Amino acid sequence: MITIENISTALSADNYRPKNWEHWNRVRNTMFIHTRGKNPGEILTSRRPNEDPDVQKYRLSIYEPITKGSMNRAIDKLFRIFQNANFSISVSDELDTYLSEQKFDGQYFYSYIQKFVVRRMIEDPNGWLVWIPIGEGLTNPAVKVDAEPVLLMSDQIKVLEKGLLTWQSMDEFSSVIVNGKSQMTGLVFYSMTNNEFLKHTQFGQAVDKKFETVVVYQHDMGTIPGIILGGDLTDDNFFDSYFSSFVPFANEAIRQYSDWTAVMTTSAFPYREEIAETCSAKGCRDGVVFNHDNEEHETCNNCKGTGRVISRSPFGVFLREKSNPALGVDGDVNGPMIRFISPDVSIIEYSGMAWQTLLKKAEEALHLNVIDESQSGTAKMIDREDSFSQLTKISNNIFDEIIFKSLLFIEKYRSVVQPMNPVITKPISFSMKTEEDLIDELNKLSDKNAPIAFLVESTKDLARKRFSGNKSISRMVEVLVSYDPIFHLSTKDKQMLLAAGSIKKDDMIRSLFAYKTLVAITAENGTEFLEKPLGEIFAELDRRIQPTIDSYVTTNLIQTT
């Protein structure tokens, strides 16, 4: 077992690899074919091991990543997991402020998880997300350290033992001696233990493979501040990608597509057949002319040694001699001088349909395809159950492992004495509703006299969907539906409720003037006013609307315009 005390042995051994390292590489390289369009050399060559090298080289050179688009669409659909309405996260005030100001690789925390970590999780499930300490706090105890994420490819990992993770830095090198000269080609590794962050730097003669180890930071968390990205755990204790079901059909689609392009190149176009006549040049026999002057055989200049010529005028017109048996001319007067032979296209059509069918099956294996609108409600529900089951499994890993542990590690870096555990409410629904769906839902809830809480939340969802590009308007609707329980009803319906005695006159006036009043307040105070606590906003609305309510006390008629 490798420990931090004897780690130099592993660092100096080129052939030392963690357990299952070969499986990690296979999973990663397979997924890269479909996520990054990597050339699938082995997939194409393994089907025909005895293929002509030139043909094989040609097929590899014209390869196009036909599965990349399908895979990227599937990854993009994972972003529905991060709908704001679906989850909530509570952290300490200090961490909340830190995350609102700090960027990681140019992205705020949640955007970083969506943009970088989720994609890498699908590509390389055996890779790691490690949070390392950086900044002035490494050497100055009075300053808090900053946390920086490092996404490790599985092939970067040199040692993985209980309480020890060591990886190679791909963009750092040290000075070593090569043939008596100093060169920046030395290797640099980092290690994270349960309590320390260390750096290993190669020094001295390059061939000696010696490393100097220094402690960068003592974090004392009692665990490695890193998370394996995760996927479907196999019996051999390594992770397959959550999208591994895409691979078999996708690989076969690539093979079939390559075959189809080859068939298209060789057999998709008509063949041209031209009638050639015997060369009539003086002395030409089958392309050879005997020269009586020097008694040598020479190539005929007319037919270029072929013995056949095609009668064609300067304007591209084919000429045929008239049939005259007496002169030895036996031309086929009725036959064409040139004709085109079209090949049978059935194999081409079959081959083209085959790779498209395989690609569609690969997409269906992910359960993430858009539901066919022509399906019945029951069929849609069954398809959605498969899709939601897949999304739930991925969502649990993202929130329970990646996001929760990442927030906890950052919290422990920042608040060493009393770190606060984050509280996460995970998504419970992954349905992407359109505006039409939400409007229909509101109408059904109203018709069925659903509890007001359901109507309010559905109205909020509609506002978020409709005004996704205008946060201030969306926030105004959220405020109004919380302030006014009958906000979503039409003026006619409000008047019916008033006539029936279900609401008071004050409620009616408040509902009619709430939107206008909130717009006026926002115009005066700016959109920052909308970010205040709801209690303060409600109090200001009541204060502004009260004079209007008072003005209608002496009249029975309410101006609804």
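How many bridges join strand β16 to strand β17, and do the strands run parallel or antiparallel? Strand β16 (residues 284-285) and strand β17 (residues 288-291) are joined by 2 bridges and run antiparallel. Strands here are DSSP runs (E, at least two residues) and helices are DSSP runs (H or I, at least four residues), both numbered from the N terminus. Two strands pair if DSSP finds at least two bridges between them.

This is a predicted model: local features need pLDDT of at least 70, side-chain atom pairs count only at pLDDT 80 or more, and totals for chains, interfaces and linings use all residues. Residues are numbered from 1 along each chain as its sequence is written, and side-chain values use heavy atoms, with hydrogens and water left out.

Start with the hairpin of β16 and β17. C284 has V289 of β17 as its bridge partner. The hairpin has 2 residues between its strands, and D286 takes a positive phi near 55 degrees.

Move on to β18. This strand (residues 296-299) pairs with β17 over 4 bridges, in the antiparallel sense. H297 in β18 stands opposite F290. β17 and β18 also form a hairpin, with 4 residues between them. In that turn, E295 has a positive phi of about 55 degrees.

Now turn to helix α2 (residues 21-35), where R28 lies. R28 has a relative accessible area of 5%, so it is buried (under 20%; exposed is over 50%, partly exposed in between; 1.4 Å probe, protein chains only). Leaving aside neighbours within four places in sequence, R28 is in contact (heavy atoms within 4.5 Å) with E123, D124, M153, S154 and D155.
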